[in-house]
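Please keep the view open while reading.

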Amino acid sequence: MALQFVKILSKTDTEKRLSLPTKYMKHLPRIRRGHAVNLTVMDEQGRQWHFGYTIRRNGHPKPVLSAGWHDFVEGKYLKPGDQIIFKLEANDAAALYTIGVKRRIRLLGTEVWTAVC
């Protein structure tokens, strides 16, 4: 089973935390009693990143990646308008979360998405 979502990063996503789609919550680790859960994610180069995954409680409950997310943003030189592809590949034994990054560039007068390393 492979699930994914694609998101264009906002200013808040690059400066503070990454908000995840609410409907994706059921595919993430269960959070107990308001504590953050460590979520290990592998990028396209095979590097592991560790994010704090929690649910924003004020207002509408929303899943967010906070701790460690800013390191990823800086490590990949992300900026608003960049795109992330977050995938879950799972089987009965384990879940593997991966993240890819793309940036829109203009090439010969045409806008294209290119991978960010």
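A residue is called buried when its relative accessible area is under 20%, exposed when over 50%, and partly exposed in between (1.4 Å probe, protein chains only). Helices (H or I, at least four residues) and strands (E, at least two) are DSSP runs, numbered from the N terminus. The model is predicted, so local features need pLDDT of at least 70 and side-chain atom pairs count only at pLDDT 80 or more, while totals for chains, interfaces and linings use all residues. Residues are numbered from 1 along each chain as its sequence is written, and side-chain values use heavy atoms, with hydrogens and water left out.

Helix H2 (residues 69-76) has Trp69, Phe72, Val73 and Lys76 as its buried residues. Seen down the axis of H2, these fall within an arc of 100°, so they line one face of the helix; the arc is that of the directions from the helix axis to the C-beta atoms.

In strand E6 (residues 83-90), six of the eight residues are buried, so the strand is largely enclosed by the rest of the structure. E6 pairs with E7 in the antiparallel sense over eight bridges, where pairing requires that DSSP finds at least two bridges between two strands. Ile84 has Val101 in E7 as its bridge partner.

| Residue | Phi | Loop |
|---|---|---|
| Leu108 | about 55° | between E7 and strand E8 (110-115) |

Tyr77 is exposed, with a relative accessible area of 66%, and Leu108 is exposed at 85%.
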